[in-house]
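Thanks for asking me to look this one over. Here are my notes, in numbered points, to read alongside the model.

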Amino acid sequence: MTLYIGVDIHARQQTVSYLNTEDGSIEHQELHHERDDVRAFYSQFRGEVIVGIEACGYTNWFEEMVEEIGHQLLVGDAAEIQRLGRRRQKNDRRDADLIPGLVEA
């Protein structure tokens, strides 16, 4: 089973959507960097895990953490992700929901 995780990351929090390919369900989570254990959240997933994020300046620590855990990380162009979302209005959950589908394709 492959798990696809889409992350819309910001300085203090991140919005996460993950797609379970076994049953097609999409789960949502909002993590606050100061109070939630982000490493524990990502460490709970086993097997093939592909994490997709938008390219931005505040991701170095996150990229290193994901790679240390052993998950694959894909970084996408933020403008292209927004264009593929077909909506002009910025929305963190919509962005996070879109990324797993783009990674899977």
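1. Helices (H or I, at least four residues) and strands (E, at least two) are DSSP runs, numbered from the N terminus. Please keep in mind that this is a predicted model, where local features need pLDDT of at least 70, side-chain atom pairs count only at pLDDT 80 or more, and totals for chains, interfaces and linings use all residues. Residues are numbered from 1 along each chain as its sequence is written, and side-chain values use heavy atoms, with hydrogens and water left out.

2. The overall layout comes next. Four helices and five strands make up the chain's secondary structure, and along the sequence they follow the pattern β-β-β-α-β-α-β-α-α. Of the 105 residues in the chain, 37% are buried (buried means under 20% relative accessible area, exposed over 50%, partly exposed in between, with a 1.4 Å probe and protein chains only). The chain exposes about 6,200 Å², and carbon and sulfur atoms supply 43% of that area (Shrake-Rupley method, 1.4 Å probe; for residues, only the protein chains shown count as cover). Among contacts between residues at least 6 apart in sequence, 48% join residues at least 24 apart; contact here means heavy atoms within 4.5 Å.

3. Strand 2 deserves a look in your viewer. Seven of its eight residues are buried. On one side, strand 2 runs antiparallel to strand 1, with seven bridges joining them; V7 has V16 of strand 2 as its bridge partner. The hairpin between strand 1 and strand 2 goes through three residues. Strand 2 is also antiparallel to strand 3, again through seven bridges. The hairpin of strand 2 and strand 3 has five residues between the strands, and G24 takes a positive phi near 75° there.

4. Which residues touch the most other members of the largest nonpolar core? They are I5, V7, V16, Y42, V51 and F62, in a core of 18 residues. (A nonpolar core is a set of buried Ala, Val, Leu, Ile, Met, Phe, Trp, Tyr and Cys residues joined through side-chain atoms within 4.5 Å.) Strand 1 (2-9), strand 2 (13-20), helix 1 (38-43), strand 4 (48-54) and helix 2 (60-69) each supply at least two residues of this core. Strand 1 gives the most, with four residues. For V51, the contacts beyond four places in sequence are I5, V7, F62, V66, H71, Q72, L73 and L74.

5. F41 and Y42 form an edge-to-face pair, at 5.0 Å centre to centre and 90° between the planes. Both F41 and Y42 are buried. One aromatic cluster is formed by Y18, F41, Y42, F45, W61 and F62.

6. Is Q14 buried or exposed? Q14 counts as buried because its relative accessibility is 0%. This residue sits in strand 2, and its bridge partner in strand 3 is L31. The side chain of Q14 makes a polar contact of 3.0 Å with the side chain of H33, and another of 2.5 Å with the side chain of Y42. (A polar contact is a pair of N or O atoms within 3.5 Å; within protein, one must be able to donate a hydrogen and the other to accept it, and residues adjacent in sequence count only if both atoms are side-chain atoms.)

7. Y42 links several of these points. Found in helix 1, Y42 is buried, with a relative accessible area of 0%. Leaving aside neighbours within four places in sequence, Y42 has contacts that include I5, V7, Q14, V16 and F62. I69 lies 27 residues from Y42 along the chain, with 7.7 Å between their C-alpha atoms.

8. Finally, H32 in strand 3 (residues 26-32). With 23% relative accessibility, H32 counts as partly exposed. Its side chain makes a polar contact of 3.3 Å with the side chain of E30. Apart from residues up to four places away in sequence, H32 touches R12 and Q13. H32 and H10 are 22 residues apart in sequence and 9.5 Å apart in space, C-alpha to C-alpha.

Note on methods
Rings of Phe, Tyr and Trp (its six-membered ring) pair if their centres lie within 6.5 Å; planes under 30 degrees apart count as stacked, over 60 as edge-to-face and the rest as tilted. Two strands pair if DSSP finds at least two bridges between them.
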